[in-house]
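This briefing goes through a single protein chain topic by topic. Please keep the sequence and the structure in view while reading the points below.

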Amino acid sequence: MLPLLGRLEVLEEWQGTPQADPLQLAAVRHEVLGRIVLAMSEVSSTAGKAACEIERTYQAADRLRAGEQARVKQQTLWAIIIGAAAAMAAGGVSLSDAGSSAEGVASLAGGFIAGVLGVTALHQEGEETFDHPNNILREVWVHPDQPRYIPPSIWLLLKQRIEEDAESRSFLDELLKSWRQEGRLGSPGSKTADRRSTLFFGPGGSYTTSDLVARAQMLDMLRAKILVMNQHLERLIREVMIHTAMRKQSWSPARKNR
């Protein structure tokens, strides 16, 4: 954009002089606006890719949740049945001549089995193989020189520093910091963090429900960061159009005088 904007400035300065070239000026202005619109479409396209991955990830998480809920219901039902059977057995023993020891054994065994079923129903997560060979998150993580799934214009904007300061962070740095601070990868140095780093930024693998939700949230944060760029591009296109309109107004008196 910068060379084109510089050329546009020169051509506008030449208006009203023998060097004026209206056709070239119109062509450069059209090229400037076209490149801005192209960048905005690339932002929308990249955000759309992230949105598709988010939806696909949440669908897998919903399937796992449905299976987990069915398992919880089944194990809860068995816990109720076993608990009731143990109570009935204990009651039957107490009415017979077997004595209190058999009653205690029946109660203990039934209570233990029912408790195990209840606890496992609450804390056991299902797993599902989830593949993502076209992994846009990997590019954010490894910072390649030439990304494959993020257009060059978006990549340059993501690597742009937020402030004109050598020590300031880029948009990519801020995104990675947010992933870590909000616990999407797990506690730093933990086994969960190591496992998720390999899983999330690789071609895929065995995911739990919490893994899938964390990955979808990371993708959503990336999409939000990309969509913010459209605000900057919209501001740029407005500035170019306003500048052009002001230039045309300044040329009008010169045309009338001629």
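Predicted model: local features only at pLDDT ≥ 70, side-chain atom pairs only at ≥ 80, totals over all residues.

Helix α8 gives the most to the lining of the largest pocket, with five residues.

**The largest pocket**

- The space in the largest pocket comes to about 410 Å³, and its lining is made up of A39, S153, L156, L157, Q160, F171, K225, V228, M229, H232 and L233.
- Helices α5 and α8, the latter spanning 209–257, each supply at least two residues of this lining.
- By residue class, the lining of the largest pocket divides into seven nonpolar, three polar and one charged.

**The second largest pocket**

- The volume of the second largest pocket is about 310 Å³, and the residues that line this pocket are M1, L2, L5, R35, I36, L38, A39, E42, L233 and L236.
- Three helices, α1 (2–13), α2 (22–95) and α8, each supply at least two residues of the lining of the second largest pocket, and the largest share, five residues, comes from α2.
- The lining of the second largest pocket divides into eight nonpolar, no polar and two charged residues.
- A39 and L233 are listed in the lining of the largest pocket, and A39 and L233 are also listed in the lining of the second largest pocket.

**Fold and nonpolar core**

- The protein chain has eight helices and two strands, and, read from the N terminus on, its elements run α-α-α-β-α-α-α-α-β-α.
- Of the 258 residues of the protein chain, 34% count as buried.
- The largest nonpolar core has 43 residues, and those with the most contacts inside it are V140, L158, W179 and F200.
- Residues of this core come from several helices, with α1, α2, α4 (136–142), α5, α6 (171–181), α7 and α8 each supplying at least two, while α8 gives the most to this core, with twelve residues.
- As general background, nonpolar side chains tend to be buried together in soluble globular proteins.

**Helix α1**

- Helix α1 has twelve residues and reaches 17 Å from its first C-alpha to its last, which is close to the 16 Å expected at 1.5 Å a residue.
- The buried residues of α1 are L4, L8, L11 and E12; they cover an arc of only 100° around the axis, which puts them on the same side of α1.
- On the other side of α1, L2 and P3 are exposed, and L2 is also one of the residues that line the second largest pocket.
- In general, an α-helix has 3.6 residues a turn, so residues three or four places apart point the same way.

**Helix α7**

- In helix α7, which covers residues 191–200, the residues A193, R196, L199 and F200 are buried; seen down the axis of α7, its buried residues fall within an arc of 135°, so they line one face of the helix.
- K191 and T198, on the other side of α7, are exposed.
- F200, one of the buried residues of α7, is also among the residues with the most contacts inside the largest nonpolar core.

**Single residues in and around α5**

- L156 has its place in helix α5, which covers residues 152–159, and because its relative accessible area is 59%, above the 50% cut-off, L156 counts as exposed.
- The C-alpha atoms of L156 and F171 are separated by 10.0 Å, with the two residues 15 apart along the chain, and both L156 and F171 line the largest pocket.
- S153 lies in helix α5 as well, and at 24% relative accessibility, which is between the 20% and 50% cut-offs, S153 counts as partly exposed.
- From C-alpha to C-alpha, S153 and V43 are 8.7 Å apart in space, although they are 110 residues apart in sequence.
- H143 sits in the loop between α4 and α5, and at 32% relative accessibility H143 counts as partly exposed.
- Phi of H143 is near 55°, a positive value in a residue other than glycine; in general, most residues other than glycine have a negative phi.

How values were computed: Residues numbered from 1 in each chain as written. Heavy atoms only, no water. Buried < 20%, exposed > 50% of the residue type's maximum accessible area, 1.4 Å probe, protein only. Helix = DSSP H or I, 4+ residues; strand = E, 2+ residues; numbered from the N terminus. Arc of directions from axis to C-beta. 1 Å grid on protein atoms, 1.4 Å probe; cavity = no way out; pocket = protein on both sides within 12 Å on 5 of 7 lines; lining within 4 Å. Points joined across faces, edges and corners; volume = space filled by probe spheres on them. Nonpolar A, V, L, I, M, F, W, Y, C, P; charged D, E, K, R; others polar. Expected span 1.5 Å × (residues − 1). Core = buried A, V, L, I, M, F, W, Y, C linked by side-chain atoms within 4.5 Å.
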